[in-house]
Amino acid sequence: MKRFALDRLPELRASEMQADLLSAFVRVGILVVLVATVALSATDGGIHQGAVIDIGLYGLATGASLILAWRRLYHPILPFAFATFDVVLIVTHMHIMANTMGLSAEMVSVPASTLMFVVLIHASMRYQPALIAYIVALFLISVLVTSLLPFPGMPMAMPQRMAATGLRPMGEIFAFDVLPPVLVATAGTILVLGVYRTRRLLLRSIDQAARSARLSRFFSPRIAERLSRDELNGLSSGLRQPVAVLFVDIKGFTSMAETMSPEELGTMLSEFRERVTECVFRHGGTVDKFIGDAVMVVFGAPISGPDDARGAVECGVDVLKTVAKWSKERMSSGEAGIEIGIGGHYGEVFVGVLGSGRLLEYTVIGDTVNVAERLERLSRETDCPLVTSRTLLNEAGIPNDGARWSALGEHTLRGRTTPIEAMGLMR
């Protein structure tokens, strides 16, 4: 059987496959109940041959459903095919039992309706409102057809019996002919509405989880969760707000790339990005973008807080320690060591979504970003792996006591006319 692809909603596909397996086991339970019912209703003449055939057919269907579910084979028509089999088998089986016990055909609707509740509840596990509506409609049609037409073993159909015995009391007609189908239809309607609502909630939950998973590649889990719930406004039109920006770059990457194969280079970059990202998320920051061997990190966008500057500085220190440890591991295994430079600045930027149509990018732009990138380049000219502006340290509340940070003086960075007072983290 061809596997039905649900690549667009793999989570829903997994849920339906799990429901298939559970449904198959439920069928086993129903089969046991049917066998016990037929055995207990046996007369002195033994079990009716038709009942034995029905039980055998249901057993074959149960085995088929187990095999399909166990092999994880699925097609959207299968639930409807099994539902058709169940309804037809229940109606015919109840007629056979009625004939065996000497009951009239119209009294079949009572036990048949009772079993239909089991079928409806069974079908509700699949989160398909159309399947439940189909079962109800098929049952009502089956009861109507078997009541109006002659049935094997019955002396005559309902119209003929009514002509021979006269009009039946209204209470009997309501109790045996009207009430059971009405109850099944009512229960089916309630289940359709309930399953429809449940399916919508399930799809909404799957969509939110997928959006959160995509966002979590760039944002910390806390920010990704809020973005997936659309709690933030103004991103499309843009905002102006203060943020802390870090640039992390590998020193000597060009020369390293000349001596490494493409596979080795790709592996090294992936491991580098993974370690930097873990540090960023640990301190509540956002990975704005990857630029080759560089990583642009933002604290304070899209959600700003009082500790954005301090989080950025602590993140920079954490990245240095993490990469230094990773570099030692690489050198111990005979690979080239990794040395990085980090630049950081704090100031006002534009925050929002840039682009149009399908080419959209959430990012921050402004002078603050340029200064952070220039300060990272300054780290290559000094003995300080982390160079920040004095503004960033002031916002972070870090004192200028000279114990850890060294004043690098004012620097006029490329593209700017106003000098920036730089501070470097001592090794």
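Ile-250 is buried (under 20% relative accessible area, where over 50% is exposed and in between is partly exposed, using a 1.4 Å probe and protein chains only), at a relative accessible area of 1%. It sits in strand β1 (residues 239-250). Helices (H or I, at least four residues) and strands (E, at least two) are DSSP runs, numbered from the N terminus.

A quick word on the ground rules: this is a predicted model, where local features need pLDDT of at least 70 and side-chain atom pairs count only at pLDDT 80 or more, while totals for chains, interfaces and linings use all residues. Residues are numbered from 1 along each chain as its sequence is written, and side-chain values use heavy atoms, leaving out hydrogens and water.

Back to Ile-250. Leaving aside residues up to four places away in sequence, Ile-250 touches Met-256, Met-268, Leu-269, Phe-272, Asp-293, Ile-338, Glu-339 and Ile-340, with contact meaning heavy atoms within 4.5 Å. Ile-340 is 90 residues away along the chain, yet the two C-alpha atoms are separated by 4.4 Å.

Zooming out, the protein chain holds 13 helices and eight strands. Of its 427 residues, 43% are buried. Take contacts between residues at least 6 apart in sequence, and 69% of them join residues at least 24 apart.

Now for α10 and α11. Two packed helices are described by the angle between their axes and the distance between the axes. Helix α10 (residues 262-282) and helix α11 (residues 308-332) pack at about 150°, with axes 9 Å apart. Axes here are lines fitted to C-alpha atoms, for helices over the stretch in contact, and angles run from 0 to 180 degrees between N-to-C directions. From the α10 side, the contact includes Met-268, Phe-272 and Cys-279, and from the α11 side it includes Cys-315, Val-319 and Trp-326. By class, that contact has nine nonpolar, one polar and six charged residues.

Cys-279 belongs to α10 and is buried, with a relative accessible area of 1%. Not counting residues up to four places away in sequence, Cys-279 touches Cys-315, Asp-318, Val-319 and Thr-322. Its C-alpha atom and that of Gly-316, 37 residues apart along the chain, are separated by 8.4 Å. Other buried residues of α10 include Leu-265, Leu-269 and Phe-281. Just after α10, Gly-284 takes a positive phi of about 80°.

Two helices can be checked for length, with the expected span being 1.5 Å times one less than the number of residues:

| Helix | Residues in helix | End-to-end C-alpha distance | Expected span |
|---|---|---|---|
| α10 | 21 residues | 30 Å | 30 Å |

Finally, the aromatics. Rings of Phe, Tyr and Trp (its six-membered ring) pair if their centres lie within 6.5 Å; planes under 30 degrees apart are stacked, over 60 edge-to-face, and the rest tilted. The count by this rule is one aromatic pair. Phe-80 and Tyr-134 form it edge-to-face, at 5.5 Å centre to centre and 65° between the planes. The pair links distant parts of the chain, with Phe-80 in helix α3 (residues 78-100) and Tyr-134 in helix α5 (residues 129-148), 54 residues apart. Phe-80 counts as partly exposed at 23% relative accessibility, and Tyr-134 is partly exposed at 31%.

Key: Nonpolar A, V, L, I, M, F, W, Y, C, P; charged D, E, K, R; others polar.
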